[in-house]
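Biologist: Could we go through this model together? I would like to begin with the ligand.

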Amino acid sequence: MQQLWRALSFFRADWPRVLAGLALLALTTLAGLLKPWPMALIVDSVLGHQPLPGPVAQRIGDLPGPTQLAVLVGAMLVLHFGSALLGAAQNAVVIVTGLRGLARVRRAVFDWLLRLSLRRLQGSQAGDLIYRATWDTYAFQTLFTQGVFTFLGALASVLAMTVVMWRLNGLLTLVALATVPVLLLVMQAFGGRMGRRAGEAQSADAGIATTVQQLVTNLQLIQSFTREPKEAEHFERQAQTSFTARWGQHRAEVLYLTTVSAVFALGTAAILWVGARQVLAGTLSVGELLVFLAYLTQLYEPLNQLSHVGSTVTNARAGTHRVLELLGENAAVKGGQRTVVRGADNGLEFDRVGFAYTPERPVLHEVSFRVGPGEAVALIGPSGAGKTTLLQFIPRFLDPDSGTVRLGGADLRDFSVHSLRENVALVLQEPLLLPASIAENIGYGKPDATRAQIEAAARSANAHIYIEKLPQGYDTIVGDGAARLSVGEKQRLNLARAFLKDAPILLLDEPTSALDAESEALVLTSLRELMRGRTTVMVAHRLGTLRTVNRIIALHDGRVAESGTAEELLASGGYYAKVSGRH
Ligand SMILES: Nc1ncnc2c1ncn2[C@@H]1O[C@H](COP(=O)(O)OP(=O)(O)OP(=O)(O)O)[C@@H](O)[C@H]1O
Ligand SMILES: [Mg+2]
C-alpha cells in the first residue's frame, strides 16, 4: 500500500488533470445510472398501463402517446451519446496524465543514473538498468490508468447502482451483491501467485536484456574464440527461464479469469431465477426488471474490470517495485559545499589511504604521499599495484575506506562533487569517446569552446595531423564505441580533451602508452607545457614520460615502496632502477 502511494506520488504534480479526470468519472457514472430509465418508462407507461413517475409526468404526462415515445427515445439517445462522449473525454484525460507521469518517472530514473557512483555502476548489469529505465517504468502508467481510474470508476458504478437497485428491490440486490465477496476471495487467492510470477518473469526478461547487451559488446571476443554455440546455449537457458516464468504467470491469470467468469455466471443465473419469479408473482414491474437487468450487465462490466484490476495491479506492482527499488537507493556521491579555487593551494595529500573493492582482497594499504601545488608526480609500479585506483579517488569516482585524501589541506569529501570534477582533467587508461563528431568529443568538457580552441588542443595532443587527413576532418563522427579510430588516435583525442579543459588538477593514466616514439615526443613537449603550474599525477612507465615529472612514487602491492626524484630512485636501486635499466 505504501509502495502504491509512492508510485502514485509521481502524478501529484498533475493534480488539476487528476481532478478533471475524477469529475468526468463522476459524470460518466451518473449518465450510466440514467441510461436504462427511458426504456423502463416506455415499457411500463407508454406500452403498459402504469402512470409515469411524478417528475416525468409533470413534463410529458399530457402529451399524446407517440410524442411521449419520441421524447423518451430521444432521451435515451442523448443519454447514450452523452455517456459515450463523457467516457471518451475521461479516457483522454486519464491517458494523457498517465503518459505525463510515465515521462516523469523515466526522468527520475535517468537523473538517478546520471548521478550513479562508479562503484554502484560496477556492481550492476547494464541490461538490467536499461530494462528498468525503459520497460519497468510503464508500470507506473498502468497503475495510474488502470489501477486507479478503472478501480475508482468501477467502484463508483457499483456503489451508485447498488443504491438505485436497493430502492427497486432489496432481495434481488442482495443476490447480485453476493458475488462481490466471492470475487474478492478469488482475487486474494490468486493475487499473490500472479504477482510473484510477474516479478520472476520481469527479472528473467531483464536477464535476457543483459545477455543481449553483453553479446553486442563482446561479439568480437565471442567470435574470435568461436564460442557462439556456448553463448546460444546460455541464451537458450535464459529464454527458458523467462518462458517458464511467463507461462506460470499466464496460467495463473487464465485460471483466475476462468474462476471469475464462473462466479459471474452463477450470479447471473441466481438473479434471473429470483427476478423472473418476482415478476411472475407481480411484485416487480417488467420495466423495473429491465432496469435491473440493464444494471446487471452494467454492474458486471465494472466488477469484471475490478477483477482484471487485481491482476493488472499485481503485474504493475512488480514493475514499480523494481523502479522504486532503484530510486530508493541513494547511489549518488555526496559532496560538501567547498569549491575548488583556481590559483589557490591545489596540492594533493594522500594520508594513510586504505581501500578494497571486495573486503577479502585489500588493494591499497596506508598509502601516504603529497603532491605539492603545481608539482608533477609520477606513479609507477607493476600491473595491479593500485595506480588507477589511486587516481580515481581525486575526482571521487571512488572513496577510500580508511584514511583521507586532501586538496589544499581540506578533505575531498568537503568539496562539491561538481566543482571538484570541473577542476580535474582526467585522461583514463582506456580512452573514452562518444558517438559524436571529433570536434564535439574534444570539446565535451567545454561546450562553449570555439573551433580554433579545439584545433589548438588537437595540435597540442598531436592529433591535428591525423584529424586533418580524415575525409570530414573535425566533423568526422566517431562510431559507436569509436570503432574507426586506432587506440593511439583515440588516446590523443582524450589528451586533446584534457588540454582544452584547462583544469588546475591534471590526472593522466598512461597517457602515451599507445603512441609511437615520435608522437610521444611531440605530445610530451605539449604536456610539459600543460603541466606547468598544475598539480599533476601521472601514471607512467616510459622513461621519456617520467622525465617530465618532478618526483616518482613507486607502488608495490598497494603500498608506497619508493619515493623521490629519478636520480634518487636510480641510486637506491629499487623498482625504478630495475625497470629503467631495461630501457
Ligand atoms: N572494479 C573493480 N572491482 C574489483 N577489483 C578491482 C576493480 N578494479 C580494479 N580492481 C583490482 O584492484 C587492483 C588494482 O587495480 P588497478 O586498476 O588500480 O591497478 P593498476 O595499478 O592501475 O594496474 P595497471 O598497471 O595494469 O593498469 C587489481 O588487483 C584489480 O584486479
Ligand atoms: Mg591502471
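Modeller: Ligand 1 is surrounded by Gln 122, Tyr 357, Val 363, Gly 381, Ser 383, Gly 384, Ala 385, Gly 386, Lys 387, Thr 388, Thr 389 and Gln 429; a residue is near a molecule if its C-beta atom, placed from the backbone, lies within 6 Å of it. This is a predicted model, in which local features need pLDDT of at least 70 and side-chain atom pairs count only at pLDDT 80 or more, while totals for chains, interfaces and linings use all residues. Residues are numbered from 1 along each chain as its sequence is written, and chains are lettered from A and ligands numbered from 1 in the order in which they are written.

Biologist: Which helix gives the largest share of the shell around ligand 1?

Modeller: Helix α14 (residues 387-393) does, with 3 residues. Helices (H or I, at least four residues) and strands (E, at least two) are DSSP runs, numbered from the N terminus.

Biologist: And how does the shell around ligand 1 divide by class?

Modeller: It has 3 nonpolar, 8 polar and 1 charged residues. Ala, Val, Leu, Ile, Met, Phe, Trp, Tyr, Cys and Pro count as nonpolar, Asp, Glu, Lys and Arg as charged, and the others, Gly among them, as polar.

Biologist: Turning to the sheet, what is the strand order?

Modeller: The open sheet of 6 strands runs β6-β7-β8-β3-β9-β10, with mixed pairing; two strands pair if DSSP finds at least two bridges between them. β6 (424-427) and β10 (559-564) are at the edges with a single partner strand each, so one side of each has no neighbour in the sheet.

Biologist: Do β3 and β9 run parallel or antiparallel?

Modeller: Strand β3 (residues 376-380) and strand β9 (residues 551-556) run parallel and are joined by 4 bridges. Ile 380 stands opposite Ala 554 in β9.

Biologist: How many bridges join β9 to β10?

Modeller: There are 5, and these two strands run antiparallel. Leu 555 has Val 560 in β10 as its bridge partner. β9 and β10 form a hairpin with 2 residues between them, and Asp 557 in the turn has a positive phi of about 50 degrees.

Biologist: Now the helices: at what angle do α5 and α8 pack?

Modeller: Helix α5 (residues 65-114) and helix α8 (residues 138-168) pack at about 150 degrees, their axes 8 Å apart. That makes α5 roughly antiparallel to α8. Angles under 35 degrees count as roughly parallel, over 145 as roughly antiparallel, 65 to 115 as roughly perpendicular and the rest as oblique. Axes are lines fitted to C-alpha atoms, for helices over the stretch in contact, and angles run from 0 to 180 degrees between N-to-C directions; two residues are in contact if their C-beta atoms, placed from the backbone, lie within 7 Å.
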